[in-house]
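Trainee: I am new to this one. Please show it to me, and then I will ask my questions.

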Amino acid sequence: MRTPAEHHKGIGLMIGATLCWATAGILVRNMEVTDGWKIAFWRSFFMSVFMLVVLAFQHGGHLPRRIRAMGWPGVVSGFLFAGMMISFILALSLTTVANTLVVGSISPFVAALCGYLFLGEKVAPRTWFAMAVAIGGIVIMFFDALSGSGWAGNLIALCIPIGFGANIVILRKNRAAVDMMPSVLLAGIFSMLIALPFALPLPVSIGDLALLSAMGIVQLAVGLLLMLAAVRYLASAEIGLLSILEIVFGTVSVWIFIGERPSQAALVGGGMVVTALIVNEIAGLRRPLAAET
């Protein structure tokens, strides 16, 4: 049973995680380099180095054994997560921050659909309805993007929830085998290797290198570590609900500081997606609370 102090700690950790993730748009938009592959490589490089240091501090000489213990599920999970990391950066380089965040935010719905199709998990009627509303919002955003150049970015952003859904299937089928933190390290290494041939030549300016290190360490790695810490104190529905703050923080920050205003269609479609997410997560949160009374 969680104490109020533990619950508040979990909320604080999760808000911290979303604030870290939401810095991606501002960091990318302030870089001289615009090549998404180059950004993906250096972001993954700094994340991998940071995660390696953290894991080496935790496990010392036992780290290689912890990684091997994950077996093929951990490797597949890391590969899928690497695809999500690269897709996020490539999408940011081709469409707006708001579009990237909103399209990526349907990950919980795709995970529910994958669980239904591949694991036989039941999906609540409210979730089916929320999925339909979210899909409607995404369709509005795609039709709007067809008149400009953002459709490719929106399409690439769809790889994020697809990869997330597939990853959830792998993790749920191999709960005991896959350790998330070593899997994240593998994801960083895989992402580097995938991006490397497309990122050459690698040199970037000192200023960009500083921003890229902040992306890899603070925006990605620290954000993930804060989320993993929050999982111990919060219900899944609370994690899902608070993670929506990334869309709000990320969109508002680039709007205020960079002047990147979402289109009218993006605001309408994104509003539909965010509303569907919030209503679904609150309903999921109230259900276990009602069962406790």
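**Helix by helix**

Trainee: Which residues of H12 are buried?

Mentor: Helices (H or I, at least four residues) are DSSP runs, numbered from the N terminus. Buried means under 20% relative accessible area, exposed over 50%, partly exposed in between (1.4 Å probe, protein chains only). In H12 that gives Asp208, Leu212, Ser213, Met215, Gly216, Gln219, Leu220, Ala221, Gly223, Leu224, Ala229 and Ala230.

Trainee: What kind of model is this?

Mentor: Residues are numbered from 1 along each chain as its sequence is written, and side-chain values use heavy atoms, without hydrogens or water. Local features need pLDDT of at least 70, side-chain atom pairs count only at pLDDT 80 or more, and totals for chains, interfaces and linings use all residues: this is a predicted model.

Trainee: Where does H12 bend?

Mentor: The bend is the angle between axes fitted to the seven residues ending at a residue and the seven starting there. For H12 it is about 30°, at Met215.

Trainee: Which residues of H13 make the contact with H1?

Mentor: H1 and H13 pack at about 35°, with their axes 9 Å apart. Contact means heavy atoms within 4.5 Å. H1 brings His7, Ile11, Met14, Ile15 and Thr18; H13 brings Glu238, Ile239, Leu242 and Ser243.

Trainee: Is Lys9 buried, exposed or partly exposed?

Mentor: Lys9 is found in helix H1. Its relative accessible area is 44%, so Lys9 is partly exposed.

Trainee: How far apart in space are Lys9 and Ala230?

Mentor: In sequence they are 221 residues apart. In space, C-alpha to C-alpha, the distance is 7.6 Å.

Key: Helix = DSSP H or I, 4+ residues; strand = E, 2+ residues; numbered from the N terminus. Axes fitted to C-alpha atoms, helices over the stretch in contact; angles between N-to-C directions.
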